[in-house]
Amino acid sequence: MSEPNPRVAVYPGSFDPVTLGHLNVMERASRLFDRLIVGIGVNIHKDPMFDAEERIELIRRATEGLSNVEIRPFRGLAVNFVRECGARVMIRGVRPITDIAAEFTMMMANRRLAPDVETLFMIADGELAHVASSLIKEIAPVASDAELSRFLPPAVVGAVRAKMAQRRGPPAC
């Protein structure tokens, strides 16, 4: 582990799938820091839509215009991953109403575990502030591609459609 760098931030999450809200936070955080590391959390107790490698590829495509963004998978506590990356700042994307209490509790626990790591809460801009990956999974089966594109980067819309078709299997005769 290297000496913590205040110009490096880590944005950990599951990003399953990455949304325009996530991307908005990534774009803004990448302007605030010299380097932004997006950490793809791997939780063996969850059944994700996309595996870690697929999520990394989707985020790579969505952030290809951001030269200072790096994407890495991680296991375990996010605050430990932040330290392993040599960072002192953890970015947390929050939705105004639903996430604040849980994120505040997590921030306080992280301060006990790693007092040298600061948490920076960022809310996605305007109409993206309510978008969650769980919302996408709920509406994707009934929403059109145009409707999904209001919430997802273009490459992710196609990936969600392909994943849903794969999970459904071939049509019955």
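I shall go from the overall fold to selected residues.

A word first on the basis of what I say. This is a predicted model, in which local features need pLDDT of at least 70 and side-chain atom pairs count only at pLDDT 80 or more, while totals for chains, interfaces and linings use all residues. Residues are numbered from 1 along each chain as its sequence is written, and side-chain values use heavy atoms, with hydrogens and water left out.

Let us begin with the fold. The protein contains 7 helices and 5 strands. Here helices (H or I, at least four residues) and strands (E, at least two) are DSSP runs, numbered from the N terminus. In what order do the elements run from the N terminus on? The order is β-α-β-α-β-α-β-α-β-α-α-α.

Next, the overall dimensions. The C-alpha trace spans about 60 × 35 × 35 Å along its principal axes. The radius of gyration of the protein is 16 Å, which agrees with the value near 16 Å for a compact globule of 173 residues. That radius is taken over C-alpha atoms, and the globule rule is 2.2 Å times the number of residues to the power 0.38.

I turn to surface and interior. The accessible surface comes to about 9,600 Å², and 55% of it belongs to carbon and sulfur atoms. Such areas come from the Shrake-Rupley method with a 1.4 Å probe, and for residues only the protein chains shown count as cover. Of the 173 residues, 45% are buried. Buried means under 20% relative accessible area, exposed means over 50%, and partly exposed lies in between (1.4 Å probe, protein chains only).

As for charge, the protein carries 22 positive and 21 negative side chains, and the centres of the two sets lie 2 Å apart. Lys and Arg count as positive and Asp and Glu as negative, whereas His and the chain ends are not counted. The place of a charge is taken as NZ of Lys, CZ of Arg, CG of Asp or CD of Glu.

Contact means heavy atoms within 4.5 Å. Among contacts between residues at least 6 apart in sequence, 76% join residues at least 24 apart.

Which residues does Leu20 touch, not counting residues up to four places away in sequence? They are Leu128, Ser149, Arg150, Phe151, Leu152 and Pro153. Leu20 and Ser149 are 129 residues apart in sequence, yet their C-alpha atoms are 8.7 Å apart in space. Leu20 is partly exposed, with a relative accessible area of 22%.

Cys85 is a second example, placed in the loop between α3 (78-84) and β4 (87-93). Its relative accessible area is 6%, so Cys85 is buried. Leaving aside neighbours within four places in sequence, Cys85 is in contact with Val10, Arg35, Ile37 and Arg72. Between the C-alpha atoms of Cys85 and Val8, 77 residues apart along the chain, the separation is 8.4 Å.

Helix α3 itself includes Asn80, which is partly exposed at 34% relative accessibility. The C-alpha atoms of Asn80 and Leu113 are separated by 8.6 Å, although the two are 33 residues apart along the chain.

Now to the aromatic side chains. The structure holds 2 aromatic pairs. Rings of Phe, Tyr and Trp (its six-membered ring) pair if their centres lie within 6.5 Å; planes under 30 degrees apart count as stacked, over 60 as edge-to-face and the rest as tilted. Why does the pair of Tyr11 and Phe15 count as edge-to-face? The ring planes lie at 80°, with the centres 5.0 Å apart. Tyr11 is buried at 3% relative accessibility, and Phe15 is buried at 3% as well. The rings of Phe74 and Phe81 have planes at 15° and centres 4.5 Å apart, so this pair is stacked. Both Phe74 and Phe81 are buried.

Finally, the backbone. Phe15 lies in the loop between β1 and α1, and its phi is near 50°, a positive value in a residue other than glycine. Pro17 also lies in the loop between β1 (5-13) and α1 (20-32). Is the peptide bond from Asp16 to Pro17 cis or trans? That bond is cis, with omega near 0°.
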